[in-house]
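Please look at the sequence and the 3D structure below.

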Amino acid sequence: MINLSKKVKGDVAELAVAKKLMADGWKILFPYGEDHRYDLVVEKANKFVKIQVKYVTPKNGAVDINCQSSNNWSILPYNSEEIDVIAAYNSKNEEIYFVSALEMNHRSFKLRIEDAKNNQKSKIHLAKNFSELKI
């Protein structure tokens, strides 16, 4: 597999999310410039949703979605005033998961793709329950 830069991974994820949402009947809006907390906005039935997109790679049967942005100077958690949803693009199977900003915590949000090896069921977020954008 080609070693992609962080920027290219982000672009791949954004286009994959836009493609899925377009197929689901959403209109897609991309903000101009780089100084936004969200990567795209979607609209359907006069409802607008601000989406931050993340490229994730599964590890140990789960994906860990980073709920903060970082650069060389600071780490800033996302909040529900800046974004409505984080859309996570799974780089292994190309599935997309939608996590409401109201559900995420400040650091990360873990989704299980496979059952936990210790059969834990409580406090587990199953990826299959996050496959559709809910408004």
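## Basis of the report

This is a predicted model, in which local features need pLDDT of at least 70 and side-chain atom pairs count only at pLDDT 80 or more, while totals for chains, interfaces and linings use all residues. Residues are numbered from 1 along each chain as its sequence is written, and side-chain values use heavy atoms, with hydrogens and water left out.

## Aromatic pairs

Y89 counts as buried, at 6% relative accessibility (buried means under 20% relative accessible area, with a 1.4 Å probe and protein chains only).

Two aromatic pairs are present. Rings of Phe, Tyr and Trp (its six-membered ring) pair if their centres lie within 6.5 Å; planes under 30 degrees apart are stacked, over 60 edge-to-face, and the rest tilted. Y55 and Y89 make a tilted pair, with 5.7 Å centre to centre and 50° between the planes. This pair links strand β3 (residues 47-56) to strand β7 (residues 85-90), and its members are 34 residues apart. Strands are DSSP runs of E with at least two residues, and helices are runs of H or I with at least four, numbered from the N terminus.

F109 and F130 form an edge-to-face pair, with 5.7 Å centre to centre and 70° between the planes. F109 is buried at 4% relative accessible area, and F130 is buried at 9%.

## The sheet

Five strands form an open, mixed sheet in the order β1-β2-β3-β7-β8; two strands pair if DSSP finds at least two bridges between them. β1 (27-29) and β8 (96-100) each have a single partner strand, so one side of each lacks a neighbour in the sheet. β1 runs antiparallel to strand β2 (residues 40-44), joined by three bridges.

How values were computed: Buried < 20%, exposed > 50% of the residue type's maximum accessible area, 1.4 Å probe, protein only.
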